[in-house]
Amino acid sequence: HHYPFRLIAPGALIDYVQQLCESEGVQVEPGVLALVVRSGGGSVRDTLSILDQLIAGSESTQVTLERATGLLGFTSTELIDEVVNALGSGDAAAAFRATDRVVQTGQDPRRFVEDLLERLRDLIVISATSVQGASAVFRGVPEDQLDSMFAQSQAFGHGQLSRIADTVNSTLNTMVGATAPRLHLELM
């Protein structure tokens, strides 16, 4: 017998965990399930385990986006927005302040760079389509966040987002095993 195990597509997994939350009476804020599925990496078992941990770590039957972001170790949307806006306006001082916040709050610089790269990818997709077109790609992302990302993408010229993403990706690759991740982050 041959059993081909494959990862589950994010869209199907979001639908599944949404249905599961509804049947169990667990309320989740918009955007939480997208983080859960991203953390699970396409594995149903891992996704359900992460969701279970978030529910257990919540103070009520509602899982908030802020709590999920903190418990899963992702960078807050506000901090990513701050960096992207600084890059879009060419405000180096604001970018360095945000970098310092990453370090001062004890976040993993590599995780921050991963999250920034993910946002840049989102901006590339949303700038190439539209808010409506991107909503099909970014299932589980609230409409107001899509509107915000579209506005952010408009601050960059054609090709600029791609060049920035290449730089961020190169930095991410050099951060593996780096003894001074803050330096790599600041140089990026």
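## Surface, charge and core

Tyrosine 16 is partly exposed because its relative accessible area is 37%. The terms here are buried for under 20% relative accessible area, exposed for over 50% and partly exposed in between, with a 1.4 Å probe and protein chains only. This is a predicted model, in which local features need pLDDT of at least 70 and side-chain atom pairs count only at pLDDT 80 or more, while totals for chains, interfaces and linings use all residues. Residues are numbered from 1 along each chain as its sequence is written, and side-chain values use heavy atoms, leaving out hydrogens and water.

Let's stay with the surface for a moment. Tyrosine 16 belongs to helix H1 (residues 10-24); helices (H or I, at least four residues) and strands (E, at least two) are DSSP runs numbered from the N terminus. Together with Ile8 and Val44, Tyr16 makes a nonpolar surface patch with about 220 Å² of accessible area. Patches take residues with over 30% relative accessible area and no salt bridge, joining like charges within 9 Å and nonpolar side chains (Val, Leu, Ile, Met, Phe, Trp, Tyr) within 5 Å. The areas come from the Shrake-Rupley method with a 1.4 Å probe, and for residues only the protein chains shown count as cover.

Moving inward, helix H2 (residues 32-40) has Val32, Leu33, Leu35, Val36, Val37 and Gly40 buried. Their cover includes H1, strand S1 (27-28), helix H3 (44-57), strand S2 (62-63) and helix H4 (65-72).

Threonine 69 sits in H4 and is buried, at 9% relative accessible area. Leaving aside residues up to four places away in sequence, Leu35, Phe74, Thr75 and Ser76 are in contact with threonine 69, where contact means heavy atoms within 4.5 Å.

Which residues does aspartate 115 touch? With residues up to four places away in sequence left out, they are Arg38, Phe74, Thr75 and Ile80. Aspartate 115 lies in helix H7 (residues 109-128). A polar contact of 2.8 Å links its side chain to that of arginine 38. Such a contact is a pair of N or O atoms within 3.5 Å; within protein, one must be able to donate a hydrogen and the other to accept it, and residues adjacent in sequence count only if both atoms are side-chain atoms. A polar atom of the aspartate 115 side chain also lies 2.7 Å from the backbone nitrogen of threonine 75.

Now for the charged pairs. Side chains of opposite charge can pair when their charged atoms come close. A salt bridge here is a side-chain nitrogen of Lys or Arg within 4 Å of a carboxyl oxygen of Asp or Glu, and the count by this rule is eight. Arginine 119 and aspartate 81 form one of them, their closest N and O atoms 2.5 Å apart. Arginine 119 is in H7 and aspartate 81 in helix H5 (residues 77-89), so this pair ties together parts 38 residues apart in sequence. Arginine 119 and aspartate 81 are both buried.

Aspartate 115 and arginine 111 make a salt bridge at 3.8 Å, N to O; both are in H7, four residues apart, about one turn of the helix. Aspartate 122 pairs with arginine 121, with 2.9 Å between the closest N and O atoms. The table gives the accessibility of these partners.

| Residue | Relative accessible area | Class |
|---|---|---|
| Aspartate 115 | 6% | buried |
| Arginine 111 | 22% | partly exposed |
| Aspartate 122 | 11% | buried |
| Arginine 121 | 39% | partly exposed |

Salt bridges with shared partners connect Arg38, Arg110, Arg111, Glu114 and Asp115 in one network.

Finally, the nonpolar interior. In soluble globular proteins, nonpolar side chains tend to be buried together. A nonpolar core here is a set of buried Ala, Val, Leu, Ile, Met, Phe, Trp, Tyr and Cys residues joined through side-chain atoms within 4.5 Å. The largest such core has 26 residues, and those with the most contacts inside it are Phe112, Val113, Leu116, Leu120, Leu123, Ile126 and Val168. Two or more residues each come from H5, helix H6 (92-104), H7, helix H8 (131-137), helix H9 (143-153) and H10. H7 gives the largest share, seven residues. A second, separate core has 18 residues, among them Val17, Cys21, Val63 and Leu72.

Threonine 171 lies in helix H10 (residues 160-174) and is buried, at 9% relative accessible area. Its C-alpha atom is 6.3 Å from that of methionine 188, 17 residues away along the chain. Not counting residues up to four places away in sequence, threonine 171 touches His184 and Met188.
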